[in-house]
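Hi everyone, thanks for coming. Please have the sequence and the 3D view open while I talk.

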Amino acid sequence: MTINEIQDEIIEEFSQLDDWMDRYQMLIDLGNDLSPMDDSYKTEDNLIDGCQSRVWLTVSKNPDNTLTFMAESDALIVKGIIALLIRVFDGQTPDDILNADLYFIRDIGLQEHLSPTRSNGLAAMVKQIRLYALAQR
């Protein structure tokens, strides 16, 4: 699937929930579904700067030039946010990641329903993913 197809799927899923408490619960569920990250990857080098919570993110490049991301956070909602980002970017090429317009964040109302510190953390996560994509180009 393309990045836009995945974003459209996420928008559709979130549009079925009117209440933001239900949407937060969906984020928590997504975070709980995220594969656990081995402790060996939970290093200072893999911590994302700019997040109030602890968020670890790693990337590996596949032979077909796509990227695979692994992440974990010690905060439930933040773990759900990084799970959403991984869903969008995992298996995509560096160029597709760098050129992506992340409209799903706006369209599901995520940014406006996050605290300022979580909103800054979201921006930091997106920035780190794009830096990894740039490095893997």
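I'll walk through a pair of helices, then the core, then one more helix. Keep in mind that this is a predicted model.

Let's begin with the helix pair. Two packed helices are described by the angle between their axes and the distance between the axes. Here, helix α1, residues 3-15, and helix α2, residues 20-33, have axes that come within 10 Å and cross at roughly 130°. Which residues of α1 and α2 meet? On the α1 side we find Glu13, Phe14 and Ser15, and on the α2 side Arg23, Met26 and Leu27. By type, the residues of this contact are three nonpolar, one polar and two charged.

Now for the core. The largest nonpolar core contains 45 residues, and Phe69, Ile82 and Met125 are among those with the most contacts inside it. Which helix gives the most to this core? That is α3, with ten residues. Other elements that supply at least two residues each include β1 (55-61), β2 (67-73) and α6 (116-135). Do find Ile82 on your screen: leaving out residues up to four places away in sequence, Ile82 touches Leu34, Val55, Leu57, Ala71 and Met125.

Finally, α6. With 20 residues at 1.5 Å a residue, α6 should span 28 Å, and its end C-alpha atoms are 29 Å apart, which agrees. Buried residues in α6 include Leu122, Met125, Val126, Ile129 and Ala133. What do the buried residues of α6 pack against? Their partners are β1, β2, α3, α4 (94-99) and α5.

Definitions and conventions:
Residues are numbered from 1 along each chain as its sequence is written. This is a predicted model: local features need pLDDT of at least 70, side-chain atom pairs count only at pLDDT 80 or more; totals for chains, interfaces and linings use all residues. Side-chain values use heavy atoms; hydrogens and water are left out. Axes are lines fitted to C-alpha atoms, for helices over the stretch in contact, and angles run from 0 to 180 degrees between N-to-C directions. Helices (H or I, at least four residues) and strands (E, at least two) are DSSP runs, numbered from the N terminus. Contact means heavy atoms within 4.5 Å. Ala, Val, Leu, Ile, Met, Phe, Trp, Tyr, Cys and Pro count as nonpolar, Asp, Glu, Lys and Arg as charged, and the others, Gly among them, as polar. A nonpolar core is a set of buried Ala, Val, Leu, Ile, Met, Phe, Trp, Tyr and Cys residues joined through side-chain atoms within 4.5 Å. Buried means under 20% relative accessible area, exposed over 50%, partly exposed in between (1.4 Å probe, protein chains only). The expected span of a helix is 1.5 Å times one less than its number of residues.
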